[in-house]
Amino acid sequence: MSKKDIENEQVESTQEETVETEAQVLEEQTNEEKLEAEVKQEKDKFLRLFAEFENYKRRTAKERIELFSTASEDVMKTLLPVLDDFERALTHIEDDKEAEELRKGVLLIYQKLIKTLEQKGLKLMEVNKGDVFNADNHEAITQIPAPTDDMKGKIIDIVEKGYLLGDKVIRFPKVVIGQ
């Protein structure tokens with residue numbers, strides 16, 4: 001072999017090594033890019049999962065608050081007829097002048113019960129005779145001929161009071177409306 005052949009072989013081998021080195025560099029870059037893409041994808045998954053978990057925590061906390069605020073709804077509903085009975089008793093006792101002490105005792109118990117229930121979130125719905133009937137807020141028991149023309153479509157009598165527990169209606173007021 002001549003010197004030229006040896007030099008040509010060396011040049012060719014150097015070129016081959018250069019090509020191989022460039023191929024390795026490109027391969028390393030593509031591997032690096034692949035890894036960066038995977039890291040980016042995993043980071044995105046993590047952020048989405050974290051956001052979903054935060055939404056879950058917020059939703060369950062809200063549901064828990066709603067549950068606590070309306071947990072006593074069944075108890076309140078069962079006590080409403082007792083309130084109605086107290087009110088009826090008070091109206092009948094007022095007619096009897098001899099039962100003044102009895103009236104005071106019943107009134108005291110009634111006021112204490114009302115105050116206790118109000119502390120637990122029970123509110124009386126304000127409904128007055130002469131108010132305009134609204135089907136969303138009132139329950140019409142019956143319709144009677146209106147005593148005057150201006151009372152048509154308005155509340156003539158309140159049969160049963162309505163109550164709210166927090167912002168939720170647990171019993172609509174039962175009313176009689178003018179026709």
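In this predicted model, the side chains of K77 and E73 meet in a salt bridge, with 3.3 Å from N to O. A salt bridge here is a side-chain nitrogen of Lys or Arg within 4 Å of a carboxyl oxygen of Asp or Glu. Both K77 and E73 sit in helix 2, four residues apart, which is about one turn of the helix. Helices are DSSP runs (H or I, at least four residues), numbered from the N terminus. K77 counts as partly exposed because its relative accessibility is 39%, whereas E73 is buried, with a relative accessible area of 11%. Buried means under 20% relative accessible area, exposed means over 50%, and partly exposed is in between (1.4 Å probe, protein chains only).

A few notes on the numbers: residues are numbered from 1 along each chain as its sequence is written, and side-chain values use heavy atoms, with hydrogens and water left out. Local features need pLDDT of at least 70 and side-chain atom pairs count only at pLDDT 80 or more, while totals for chains, interfaces and linings use all residues.

The structure holds 13 salt bridges. Helix 1 (residues 3-70) contains R48 and D44, four residues apart, so about one helical turn separates them. Their side chains meet in a salt bridge, at 3.1 Å from N to O. R48 counts as exposed because its relative accessibility is 57%, while D44, at 35%, counts as partly exposed.

K57 and E54 make another such pair, at 3.5 Å from N to O. These two are three residues apart in helix 1, so they too are separated by about one helical turn. K57 is partly exposed, with a relative accessible area of 39%, and E54 is partly exposed as well, with 24%. Side chains of opposite charge can pair when their charged atoms come close.

Salt bridges can also link up into a network, and D84, E160, R171 and K174 are joined in this way.

Charge shows up on the surface in another form: E94, D95, D96 and E98 gather in a patch of negative charge. Patches are made of residues with over 30% relative accessible area and no salt bridge, and like charges are joined within 9 Å. Asp and Glu count as negative, and the place of a charge is taken as CG of Asp or CD of Glu. Accessible areas come from the Shrake-Rupley method with a 1.4 Å probe. D95, one of the patch residues, lies in helix 2 (residues 73-95). D95 counts as exposed because its relative accessibility is 61%.

Definitions and conventions
Patch = residues over 30% accessible without salt bridge, like charges linked within 9 Å, V, L, I, M, F, W, Y side chains within 5 Å.
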